[in-house]
Amino acid sequence: MTAPFAVLLDAHDDFLELLLEHQEALVRGDLESARDLIAGLHEDLDEHIRHEEERLLPLLESRGGWGRIGEPRYYREDHERIRAMLAGLVESTNALDPGDPRYHREIALLIGREQAFRSLLEHHDERERKGLFPDLERVTTPEEQARLLEPLD
C-alpha cells in the first residue's frame with residue numbers, strides 16, 4: 001500500500017531531476033534547453049506550492065494538531081524562499097550570453113547557487129515527509145485525502 005500523499009512527494013524528486021537536467025544542459029552549452037528546463041521547473045514548482053498553500057495548508061490549519069516541525073508557517077516561509085531563489089536562477093539563466101567573455105564563469109557561479117537551492121529543496125522535502133504529510137494523514141480521512149490530491153481549478 002502506498003502513502004496517501006506519495007504522488008506529491010514523488011513530485012519533489014521530479015523537481016530535483018529537472019534541476020540536474022538544467023545543470024547538465026548548462027555544462028553542455030545548450031543554453032536553449034537550460035532555459036526551457038529552468039522555466040519548466042519554475043512553472044511546476046509554482047503549481048505545486050500553490051496546491052499546498054491553497055488546499056493542504058488551510059485544511060491542516062483548520063484541524064490543528066501539527067507536530068513541532070510541522071507548523072504551517074514554516075512551509076509558507078520555505079515556499080517564499082524557494083520562489084525567490086528560483087526566480088533569481090531563472091533570471092540568471094536568461095541573462096547568460098555566450099558572447100560574454102565571462103560566460104563560462106557565470107555558468108559555474110550559477111551552478112554553485114543552484115546547489116544552495118537544491119539544499120533548500122531537500123530540506124523542505126524532509127520537513128514535509130516528516131511533518132506535513134504525516135500530520136495531514138493523521139487529521140484526514142481517506143476520502144478527504146483523495147480530494148486533497150485533486151488538481152486546482
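**How the helices pack**

Me: Is the crossing in which H1 passes H2 left-handed or right-handed?
Reply: Helices here are DSSP runs of H or I with at least four residues, numbered from the N terminus, while strands are E runs of at least two. A crossing is left-handed if the near helix is turned anticlockwise from the far one by less than a right angle, and right-handed if clockwise. Where H1 passes H2, the crossing is left-handed.

Me: At roughly what angle do the axes of H1 and H2 cross?
Reply: This is a predicted model, where local features need pLDDT of at least 70 and side-chain atom pairs 80 or more, while totals for chains, interfaces and linings use all residues. Residues are numbered from 1 along each chain as its sequence is written, and side-chain values use heavy atoms, leaving out hydrogens and water. Axes are lines fitted to C-alpha atoms, for helices over the stretch in contact, with angles from 0 to 180 degrees between N-to-C directions. The axes of H1 and H2 come within 8 Å, and their crossing angle is roughly 160 degrees.

Me: Which word describes how H1 and H2 run relative to each other?
Reply: Angles under 35 degrees count as roughly parallel, over 145 as roughly antiparallel, 65 to 115 as roughly perpendicular and the rest as oblique. H1 and H2 cross at roughly 160 degrees. The pair is therefore roughly antiparallel.

Me: How far apart are the axes of H2 and H3?
Reply: Helix H2 covers residues 31–63 and helix H3 covers residues 72–95. Their angle is about 165 degrees, so H2 and H3 are roughly antiparallel, and their crossing is left-handed. The distance between the two axes is 10 Å.

Me: How many nonpolar residues are in the contact of H2 with H3?
Reply: Ala, Val, Leu, Ile, Met, Phe, Trp, Tyr, Cys and Pro count as nonpolar, Asp, Glu, Lys and Arg as charged, and the others, Gly among them, as polar. The contact of H2 with H3 has four polar and eight charged residues. Its nonpolar residues number 16.

Me: At about what angle do H3 and H4 pack?
Reply: Helix H4 spans residues 103–139, and its axis lies 10 Å from that of H3. The crossing of H3 and H4 is left-handed, and their contact divides into twelve nonpolar, six polar and six charged residues. The packing angle is about 155 degrees.

**Charges and the whole chain**

Me: With which residue does Arg 50 form a salt bridge?
Reply: A salt bridge puts a side-chain nitrogen of Lys or Arg within 4 Å of a carboxyl oxygen of Asp or Glu, and the count comes to 16. The closest N and O atoms are 3.3 Å apart, and the partner is Glu 54.

Me: What pattern does the chain follow along the sequence?
Reply: The chain has five helices and zero strands. Its C-alpha atoms fill a box of roughly 55 × 25 × 25 Å along the principal axes. Read along the sequence, the pattern is α-α-α-α-α.
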